[in-house]
Structure formats: C-alpha cells, structure tokens
Amino acid sequence: MAIKLNYKNAGIREKELDYIRPLAEAACRQLTERTGAGSEMLGWHDLPDTYDREEFARIKEAAKRICQQSEVLVAIGIGGSYLGARAGLEFIKGPFGNQLGQKDSVEVYFAGSNISSDYIQNILDIIGDRDFSVNVISKSGTTTEPAVAFRIFKEKLEQKYGKEGAKSRIYATTDAHKGALRGLAEKEGYETFVVPDNIGGRFSCLSAVGLLPMAAGGMDIDQVMKGCADAMEAYRNPDFMSNDAMLYAALRFLMLMKGKSVEILASYEPSLTMFGEWYKQLMAESEGKENKGLFPVSANFTTDLHSIGQFIQDGTRIMFETVLWVQNARQELKVPHDPANVDGLNFASGISMQEMNEKAMKGTLLAHVDGGVPNLIISIDRLNDYTFGQLVYFFWKSLAVSGYMIGVNPFDQPGVEAYKKNMFALLGKPGFEEAKGALEERLKALAD
Ligand code: PA5
C-alpha cells in the first residue's frame, strides 16, 4: 500500500487499542456481512469488482469526444456530485491545472455548487467564445443549485450551437430509471451515465459521477480504479493491527472518547485543498447525526499556520490533527543562494523545498503535540492517479467502520433537508406554502 498510518504522536496506548478492538472488528463485520444500518448503500464497498465495464469504456469514449469537440467542460453538480471529481483533478494537476494545459484534456470548471450569479458569470467569461460541453450530474435532477446552473449553461449552449448542436454537447449523469434529469435526457437524447442506486452521493466519485469529468480533465481513470482495487483488497484484511483503515477508525473513536470533538485534516500541499473539502463532506454527512460525531475541518499548511495555527497551538483544546503527508514532490525546486542574504535565508540555500516542507511538518507536529493536540500521520508516496484511488477507498472504508462504531447510519443524510424546506417555503415553491408565513414572521422579528 502507498498509504501508511503513524499514530505514535496520538497519545494512544496499546491497551486502549486492545480495549477498542472488538468494537472496531464488529463494525467491520457489519460492513462485510452487510448487516449494519444502510447496508443497501454499500455499492462502493466492492466497487472495483462490480463496476459496469461497458459504462466505464463509454466514459473514456465520451471524455475523448469532449476533448475533440471542446476546450472547456462545465461539470455541474453539488455535494457528492462534484467534490470527488474536483478533488481528483486538483490532486493530480494542482490548483492551477486549468491554466497549465495538457494534451488530450479540457479545462474543467465546476458549477452548480452555489447560487452565486457572479460565480457563474465568471465561468461564462472564462469560456468566452471557446467551444464548451456540459456534464450535468444530479441523481434527482431537482437539486436547486445544479438545476439553476444547468438552465443557464443549457441556454448558452443552445444559443451558440442551436438546439440540435447543444444536445451532442450535453452529457447527463443521473439515476438509471427515474427522476427529472433522466426524463429530460431521454426526451432530448443526451448521452447518459448512471448514478448507481446503491451508492450515496459522497461515495460516488469513482462511478460515472466523478470519472467522466476526471477523464475529460486528463486523469488516468484506469490507474484510479487500480488504486481503489488494491486498497479494497488490502483493507479486507481482518487483522485489526495491520489494517490501517480499521485502525484509523478506532483511533478517531478513541479521540472522541477522550473528549476531542474536532478532527483537522491538515496537508502541506495546496493540491490537497479540495481533497480536504471532499473529506469534510464524507465525514460530516456520514457521522454528524443524532448529536454525535467528530466535526471535520481541513487546513492547508503552512498557509493556515499563519491564521488558524494560533488557535490550534493555544486555543480551546477540542481538536486532534490528522496530517495527510506527501513524501515526494512532483518537481524538485531548491532554495536559491542570494549573495545579499537580506532575508537571512542563506543557511537554507540549496535545500529542496520538499525537505523544507518536511521540516515544517515535523516542527509543527512537535509544537502541536506539545500544545496538547494529538497527531496522526497518513503518508502517501506521491500524488498520482493510483494514490488518489487508494486514498479515496481508505477514507470510505475507515469512515464506514467509524460510523458503525459510534452507532449511526453512515449512509443517510437526513439533516441536509432542513435548509431546503425553509428556502423553498420562502421562495414560494408549490407544496411549501404552509410554512411561509411563520418563517417570514420569524425573519421579520430577527430583522427588527
Ligand atoms: O451526499 C449526498 O447525497 C449529497 O451531497 C448529494 O450528492 C447532493 O445533494 C446532490 O444531490 P443530487 O445528485 O440529487 O443533485
């Protein structure tokens, strides 16, 4: 495995692990025997064995076609329908991936994950006169944010290419049989891909949901699936002490028992910023229910050491840190020598930036441990398609085990509906009229 877990700085004793072991193993059995809550949503668990090979080939073909017909792909989706693909593309290409250009790939911009007019206008400005295609990703087809964005980009496509031309540039990833988008796609004749019934949004990035934008953006999705398959095999291991996915779940549970309520996923690579966003959704939507769970936060160091670093070092002791460490940089740059040495940095001239980053990581780890913040380290060899696939599976499996350990259904998300009901009532959506008056009264009282 490219992934290694180190918990020497977590302040956890072997006997605490022994104590928690039966619970972790029982949770793991619930998963493999499909006896836990939400077990009908375990399609991700053996995905590398069961995924639809015919559809996978079509995804690669569609990605090729998108690259031939367009310079830009607008991927429209929210939550589980966009975070994984964006995390993958930035993992591989970095935060400036779209500007770097790459043979046989398009620029990929993500829309439909907010209701900001300015954000969509920015994407339209970036596209300008260039050719573009759209991948609309929504299981239901009625989620407000992507539905609004799709209306706008569909209209632009139709203005630019005509109704017929637009159809050949729209790719819909949606429910196999039902839902508003399925109906529209079939009526209009868009090429379609499937959001599997037995895979929830936050576990869907290695289905067509994430794979099409990833492939169009230049990722090697064969390698992604190989990494995922190898991780699936490795974490089938029933031996607690040599199964890092199970161990990580148990360590998180012990942190919760010791009174920690926040987990910070800290990385030292800006390429992992969106991976942190993906992790937050996975953890928060899966565990944060029935007044339980760790609150997941992500941070990018050393950047954030100059902002939230103060709190981590000295503030309320509510958190532990999980450092996602990348051992090798893609490109080795060194600190140049400067004869004037006005910044006093010549002691480090000739050192690689990766080495400096590692010293920063180690120095921070010691400082945070001294400040009462336990540290776990998940290290990976390097950022590539294969390690992305491995990491995704590692977090899926671990989170599912820890969800069962704390006694929740890790595969539903009932709390996500609350804001939608209020928003629909305030907007006057049919069926939500009853709540409108009372909500407006409350808002008025707050404004006064
Ligand atoms: O994890 C989830 O289930 C959610 O984040 C969904 O993916 C998100 O709400 C999008 O839903 P839909 O695909 O129906 O538009």
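# Chat: buried spots, strands and a ligand

Student: Let's start with Asn 243: buried or exposed?

Tutor: Asn 243 is buried, at a relative accessible area of 1%. Buried means under 20% relative accessible area, exposed means over 50%, and partly exposed is anything in between (1.4 Å probe, protein chains only).

Student: What should I know about the model and the numbering?

Tutor: It's a predicted model, where local features need pLDDT of at least 70 and side-chain atom pairs count only at pLDDT 80 or more, while totals for chains, interfaces and linings use all residues. Numbering runs from 1 along each chain as its sequence is written, and side-chain values use heavy atoms, with hydrogens and water left out.

Student: OK, and where does Asn 243 sit?

Tutor: In the loop between α10 (221–234) and α11 (244–257). Helices (H or I, at least four residues) and strands (E, at least two) are DSSP runs, numbered from the N terminus.

Student: How about Asp 129, buried or exposed?

Tutor: Asp 129 is exposed, with a relative accessible area of 76%. You'll find Asp 129 in the loop between α6 (117–127) and β4 (132–137). Asp 129 and Lys 160 are 31 residues apart in sequence and 9.2 Å apart in space, C-alpha to C-alpha.

Student: You mentioned β4. How many of its residues are buried?

Tutor: 6 of the 6, so β4 is largely enclosed by the rest of the structure. Phe 132, Val 134 and Val 136 point one way, Ser 133, Asn 135 and Ile 137 point the other way, and all are buried.

Student: Which strands does β4 pair with?

Tutor: Strand β2 (residues 72–76) runs parallel to β4, joined by 5 bridges, with Ile 76 opposite Val 136. Strand β5 (residues 170–174) is also parallel to β4, over 4 bridges, and there Asn 135 stands opposite Tyr 171. Two strands pair if DSSP finds at least two bridges between them.

Student: And how does the chain get from β4 to β5?

Tutor: Through helix α7 (residues 144–167), in a right-handed β-α-β crossover. Right-handed means that, with the strands pointing away from the viewer, the path from the first strand over the helix to the second runs clockwise.

Student: Now β7. Why call it largely enclosed?

Tutor: Because 6 of the 6 residues of strand β7 (residues 262–267) are buried. Val 262, Ile 264 and Ala 266 point one way from β7, and Glu 263, Leu 265 and Ser 267 point the other way.

Student: What does β7 pair with?

Tutor: Strand β8 (residues 295–300) runs parallel to β7 with 6 bridges joining them, and Ser 267 has Asn 300 as its bridge partner in β8. From β7 the chain crosses through helix α12 (residues 273–287) to β8, in a right-handed β-α-β crossover. β7 is also parallel to strand β9 (residues 319–326), again over 6 bridges, and Val 262 stands opposite Met 319 in β9.

Student: Switching to the ligand: how many residues surround it?

Tutor: 13, and the closest are Ser 138, Lys 139, Thr 143, Gln 281 and Glu 285. A residue counts as near if one of its heavy atoms lies within 4 Å of the molecule. The shell divides into 1 nonpolar, 9 polar and 3 charged residues.

Student: Which distances go with Lys 139, Ser 140 and Glu 285?

Tutor: A polar backbone atom of Lys 139 is 2.8 Å from a ligand oxygen. For Ser 140, a polar side-chain atom lies 2.9 Å from an oxygen atom of the ligand. In the side chain of Glu 285, an N or O atom is 2.8 Å from a ligand oxygen. The ligand taken alone exposes 380 Å², and the protein buries 86% of that.

Student: What about the backbone at Phe 301 and Thr 302?

Tutor: The peptide bond from Phe 301 to Thr 302 is cis, with omega near 5°. Thr 302 lies in the loop between β8 and α13 (309–314). Most peptide bonds are trans, and most residues other than glycine have a negative phi.

Student: What is the phi of Arg 34?

Tutor: Positive, about 55°, although Arg 34 is not a glycine. Arg 34 is in the loop between α1 (14–32) and α2 (47–50), and at 37% relative accessibility it counts as partly exposed.

Note on methods
A polar contact is a pair of N or O atoms within 3.5 Å; within protein, one must be able to donate a hydrogen and the other to accept it, and residues adjacent in sequence count only if both atoms are side-chain atoms. Accessible areas come from the Shrake-Rupley method with a 1.4 Å probe; for residues, only the protein chains shown count as cover. Ala, Val, Leu, Ile, Met, Phe, Trp, Tyr, Cys and Pro count as nonpolar, Asp, Glu, Lys and Arg as charged, and the others, Gly among them, as polar.
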